[in-house]
Amino acid sequence: MAEGGARWSALRTLRPASAGVRGARQAPAGASAPAAATEALIPSPPPEHRPSRVFIENVRPAVDGGRFATKRIVGDCVEVRARIAVDGHDRLAAAALFRAEGEPGWEAAPMCQLQNDDWAGFFMVSRLGRFEFTVEAWIDTFGSWLAAFKRRLEAGEDITAEAPEGAAQMVAAASSAPPEEARLLRESAARLPGTTPREMFGLAERCRPLVEQYQERRSLTRFPATLVVEADRERARHGAWYELFPRSAGQAGQHGSFADVEAWLPYVAGMGFDVLYFPPIHPIGRTHRKGKNNAAIAAAGDPGSPWAIGAAEGGHTAVHPLLGTLEDFRRLAERAAEHGLELALDLAFQCSPDHPWVSEHPEWFGRRADGSLRYAENPPKKYEDVIPFDFDCTEWRALWAGLLDVVLFWVGQGVRIFRVDNPHTKPMPFWEWLIRSVRQLEPNVLFLAEAFTRPVLMHRLAKAGFSQSYTYFAWRNTSAEIRDYFTELTTGPARDYLRPSLWPNTPDILTEYLQVGGRPAFIARFVLAATLGANYGVYGPAFELCEDRARTPRSEEYLNSEKYEVRVWDLDDPGSLRDVVARVNGIRRAHPALRQDANLVFHQTTNDQLVCYSKHTPARDDVVLVVVNLDPQAPQSGYVEVDWQRVGIDCSTQCEAHDLLGGRRFSWQRPHHYVELDPAVSPAIIVTPLPRSRSERDFEYYA
C-alpha cells in the first residue's frame, strides 16, 4: 500500500486530475482520490479513422519552413527533396505535386528514392510568377508484393501461394483503369498462376507500371504545407549594371539631360553592360541643400543631392526640369533598348522638406518635441536635407498606398528594374506587401536591395521578395574572406532566396583597397566582381577611370563626390579600364558558366595572395577558371591545384588552356600548375581549359 501511495503521489504531481485530460470522466461521488485520478488519466480513444502509416518530413526547397518563396528563373527545373518513410518493410511511391498559383488542379511529377529514406523529384517553372508545390506518398502495395516475391524467388522458396495475391492486385487495379489497360491487366492476372516462377516474376514486372498507376493508394499522405517557388525572368539571375549620374552627362560641366545621356549609350553598351542605372532623377529640394563635399550650406549654383527628393516642381513622380520631361525619359528608354540596355531607376522612399507631400500629408512624417520635422541621421552622419517617412504613423495604410502608386507610376513609364535605397530602414512587412502587389500586376519587375547592414536584415529583405541584394563583397579582400563569404552565399540556405550583386564601388563606397592599390586594384576587383558573381555593377565613370581620391584619410567618401556636384569625366582618358571592362563582359556573355552563382568552386593555392576558383555549366560543357592576384603592389606566384573532378574536365597530365583576358595559350599542368601574376601587367587570368584531343579549329571556336 505504501508503494502504491507513493506512485499515486508522483502521478498527481505530474498530472493533477484537474489538468483537463481529454476523455476524462467525472469521478463518482464518494470515490477515493486514487480512484478519481485513475478515471481522469484514462487516455483518449483511438481516432475515428485509421491514420496513415506513411510520414513525410523535411520537404525542400523551403525558406523558413515555407514562410517565404524559393527563387528560381523561368525554365528552371526545381528539384524537390523530402524524407519519406513507413514502418516495417513496405515499399513506397511518391510524387511532387505542383501548379501555377491560381490554377485549380495539381500536376504530378514522380519522385524516386535515393539513399536511405531521401526522395527526389523535379518539376519545371514554365512561366513568370509563383508556383505552389507539395509532396504526396503512399504504400506501393504491388511493389511491396513484387519485392517480397523476388526475395523468396532468389532464396529458392516455394512461391506457389504468392501468385493469387499478385493476380488479385492486378484485377483490383484494372477496375480503375481505362478499357484497354484494364483488359491487359485482367489477361495478365489470369496467366499469372499458370507460369513458372521466373516467368511469373517477369510478367508481374512488365505489368508493374500499369498496376502502380491504377492501384489504390493505401495510406496516402500529403505533406501538410504548401510551399512556394517564385519564377523571375533571366535578368534576375545575371546582369552587368552601370551606374551613371545623368546630370554629369552634359558638355563642359553643364547640367546634363536625358538627351545628353543618349550620346553616352554607345559608350556604355560598348563596354558590354546590360543595365543602365540612374540615381534619383526627381526635382531636388532647396531647404538645407547640401553643398560640395557634403557641406552643410550650399553655394549658389550647387545642384544638391539627388536623394533629397521633391521641390515645387514635384515629387517622386516628377523629373528634374534640367533633365527633361517624361517624354524625354521614355525616348531615352527606347534608345537604350536599341543598344541592348535596360534602364533601372533608384527608388528612394524619403523626401526633402520641400516635397509636396510634406504639406499635403504632414501626418506621414515624424516631428520633434518642438514641432520641427525630424530629418534623417545615422550618427555621426546627418542628412538635414532628407526627411524620412514615419511608417508608424496612424495613416500608415495611406502611406503604403501612396508609395505603391509611385512604383506603379514608373512601371507605367516602362521601368522594370528598381534599385531600392536603404530598404532596411523601412518595415519588412511593407516590402513584402509592396513587391508582391507590384509583381501580381507586372511579374517582370525586379528589385535590387541596397542594404549594407546587419546580415539578418539583408537576408530578411531577400526573403521578403527582393530579386537581388547588395553584399559585403567590397570589404572582402583576403583569400580566406572571399572563400568563406562566397561559399556561404552559394552553398548555404541563402542560395534559395538571396541573389548576390557585387559592387566594387558605389557613390558612397570608395574602399581603402581601391584608394591605395592604383589601377591593378581596380582591375583585380573588377575581375572578382564580374566572375565571382553572376550579377555585379560599377559606379562609373569613376570606376573605369580609377577614381581613388577620398575626401578625408580613412574615409570611404569620394573627394568632390558626384552626389553633391556635377562632374566632368574624360571618357578618352588613356588610363581608362574601358577595354578591360569590355573584354571581361564579352567573356561573361560568351560563357554561360559565368551567368550562374550556385556553380562556384574554389581551388587550393600555395600562396594566400592568390585566389583560384571556377564555374561550370550543369552539363560541364563550359568551364571557366579564374586566378587573381589580391596584392595590387607586387607580383605573386604559387601552385594551383584544381579539383578537376568537381570541374568536370577529363584530362591526363595536362590540357590546353586559353587565357581569355590576356589572349595567350599554354598547357595547364596537372595536378599542380605554377602561376605567376604581375599586377603591373595583369593581376588576373581567366582560363578555359580544353582537352588536348580537341582540334585547333575547335579550340579557336570555343575560345
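1. Helices (H or I, at least four residues) and strands (E, at least two) are DSSP runs, numbered from the N terminus. This is a predicted model, in which local features need pLDDT of at least 70 and side-chain atom pairs count only at pLDDT 80 or more, while totals for chains, interfaces and linings use all residues. Residues are numbered from 1 along each chain as its sequence is written, and side-chain values use heavy atoms, with hydrogens and water left out.

2. Arg-233 sits in the loop between strand E9 (227-232) and strand E10 (239-243). Its relative accessible area is 16%, so Arg-233 counts as buried (under 20% relative accessible area, with exposed over 50% and partly exposed in between, for a 1.4 Å probe and protein chains only).

3. A polar atom of the Arg-233 side chain lies 2.7 Å from the backbone oxygen of Asn-444. Leaving aside residues up to four places away in sequence, Arg-233 touches Ile-73, Leu-128, Glu-342, Arg-416, Ile-417, Asn-444 and Leu-446, where contact means heavy atoms within 4.5 Å.

4. The largest pocket has a volume of about 1300 Å³. A pocket here is an open set of points on a 1 Å grid over the protein atoms alone, where a 1.4 Å probe fits and with protein on both sides within 12 Å along at least five of seven lines; lining residues have an atom within 4 Å of a point. Grid points are joined across faces, edges and corners, and a volume is the space filled by probe spheres set on the points.

5. Of the 43 residues lining the largest pocket, Asn-378, Lys-381, Tyr-383, Asp-421 and Asn-422 are the closest to its centre. Strand E14 (376-378) and strand E15 (381-383) are the elements that give two or more residues to this lining.

6. The second largest pocket has a volume of about 860 Å³. Among its 27 lining residues, those closest to the centre are Arg-72, Arg-237, Arg-495, Asp-496 and Ala-598. Strand E2 (70-73), strand E3 (77-86) and helix H13 (479-491) each give two or more residues to the lining, and E3 gives the most, with 4 residues.

7. Strands E4 (residues 92-100) and E5 (residues 107-113) pair in the antiparallel sense over 5 bridges, pairing being taken as at least two bridges found by DSSP. Phe-98 has Glu-107 in E5 as its bridge partner, and in this hairpin, with 6 residues between the strands, Gly-102 takes a positive phi near 100 degrees.

Key:
Polar contact = N/O pair within 3.5 Å; in protein donor to acceptor, adjacent residues only side chain to side chain.
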